[in-house]
Amino acid sequence: MKILLVEDQASFYEPFIEELSTVAEVIHFKGSNAARRWLYDNVPDVVLCDHQILRFEGENRRATGDEVYHELRFGVSETIPFLHFSSEPCPDEYSGSDKDKFFHFKKKGTISPLEWMKKLNLVK
């Protein structure tokens with residue numbers, strides 16, 4: 001299983017990678033453009049994406065997860081689950097999102113990404 005993780009804050013991506021790599025190969029990007037480029041030639045099984053992310057790694061320009069979502073949906077696959085998360089209030093869905101494949105959770109919540117994926121039957 002391949003999980004694409006798009007998160008720019010080390011305090012979140014480091015424990016996410018540690019936890020998720022117990023069940024899958026984790027491909028991580030800090031910026032939306034790098035993740036979108038990776039999607040041109042690769043197909044993950046699941047995408048976990050922060051709502052507020054960097055556009056380019058190493059720069060302070062911001063982007064939102066909907067850029068990654070739309071690249072995934074309209075450029076790669078309509079069936080890959082997209083788990084959207086944020087520590088700030090964020091939309092319950094993106095424009096054109098499929099409620100059966102679009103999920104969101106709070107970054108600082110009581111449930112971890114792996115627990116979410118198990119709850120959604122995406123991993124065992």
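Two residues are in contact when heavy atoms of theirs lie within 4.5 Å. Among contacts in this protein between residues at least 6 apart in sequence, 53% join residues at least 24 apart. The model is predicted. It has 124 residues, of which 46% count as buried, and its secondary structure comes to 4 helices and 7 strands.

**Overall layout**

- Read from the N terminus, the elements follow the order β-α-β-α-β-β-β-α-β-β-α.
- The protein exposes about 6,500 Å², and carbon and sulfur atoms supply 47% of that area.
- Strand S1, helix H1 and strand S2 make a β-α-β unit, and this unit is right-handed.

**How the strands pair**

- S1 and S2 run parallel and are paired over 5 bridges. In this pairing, Leu4 stands opposite Ile27 in S2.
- S1 (residues 2-6) is also joined to S3, by 4 bridges and again in the parallel sense. Here Ile3 stands opposite Val46 in S3.
- S3 pairs with S6 (residues 82-86) as well, over 4 bridges and in the parallel sense. Leu48 stands opposite Leu83 in S6, and Cys49 stands opposite His84 in S6.

- Strand S3 (residues 46-50) is mostly covered, with 5 of its 5 residues buried.
- In a regular strand, side chains alternate between the two faces of the sheet.
- Both faces of S3 are covered. Val46, Leu48 and Asp50 are buried on one side, and Val47 and Cys49 are buried on the other.
- Strand S6 is largely enclosed by the rest of the structure, because 5 of its 5 residues are buried.
- S6 is likewise covered on both faces. One side holds the buried residues Phe82, His84 and Ser86, while Leu83 and Phe85 are buried on the other.

- The buried residues in H1 (residues 10-20) are Phe12, Tyr13, Phe16 and Leu20. They span an arc of only 90° around the axis, so they are on the same side of H1.
- An α-helix has 3.6 residues a turn, so residues three or four places apart point the same way.
- What do the buried residues of H1 pack against? They pack against S1, S2 (25-29), S3, S6 and helix H4 (113-119).
- The face of H1 turned away from its buried side carries the exposed residues Ser11 and Glu18.

**Leu39 in helix H2**

- Leu39 lies in helix H2, which spans residues 32-41.
- Is Leu39 buried or exposed? Its relative accessibility is 3%. Buried means under 20%, so Leu39 counts as buried.
- Leaving out residues up to four places away in sequence, Leu39 touches Leu4, Pro44, Val68, Glu71, Leu72 and Val76.
- One of these residues, Val68, is 29 residues from Leu39 along the chain, and the C-alpha atoms of the two are separated by 8.8 Å.

**Val23 in a loop**

- Val23 is placed in the loop between H1 and S2.
- Val23 has a relative accessibility of 30%.
- Not counting residues up to four places away in sequence, Val23 touches Met1, Leu114 and Val123.
- Val23 and Leu114 are 91 residues apart in sequence, yet their C-alpha atoms are 8.7 Å apart in space.

**Aromatic pairs**

- How many aromatic pairs does a search of the whole structure find? It finds 2. One of them is formed by Phe29 and Trp38, with ring centres 6.4 Å apart. The planes of these two rings are at 50°. Planes under 30 degrees apart count as stacked and those over 60 as edge-to-face, so the pair of Phe29 and Trp38 is tilted.
- Phe29 counts as buried, at 15% relative accessibility.
- Trp38 counts as buried too, at 14% relative accessibility.

Methods
Residues numbered from 1 in each chain as written. Predicted model: local features only at pLDDT ≥ 70, side-chain atom pairs only at ≥ 80, totals over all residues. Heavy atoms only, no water. Phe/Tyr/Trp six-rings, centres within 6.5 Å; stacked < 30°, edge-to-face > 60°. Buried < 20%, exposed > 50% of the residue type's maximum accessible area, 1.4 Å probe, protein only. Helix = DSSP H or I, 4+ residues; strand = E, 2+ residues; numbered from the N terminus. Areas by Shrake-Rupley, 256 points an atom, 1.4 Å probe, with all protein chains shown as cover. Pairing = 2+ DSSP bridges. Arc of directions from axis to C-beta. Right-handed = clockwise from strand over helix to strand, strands pointing away.
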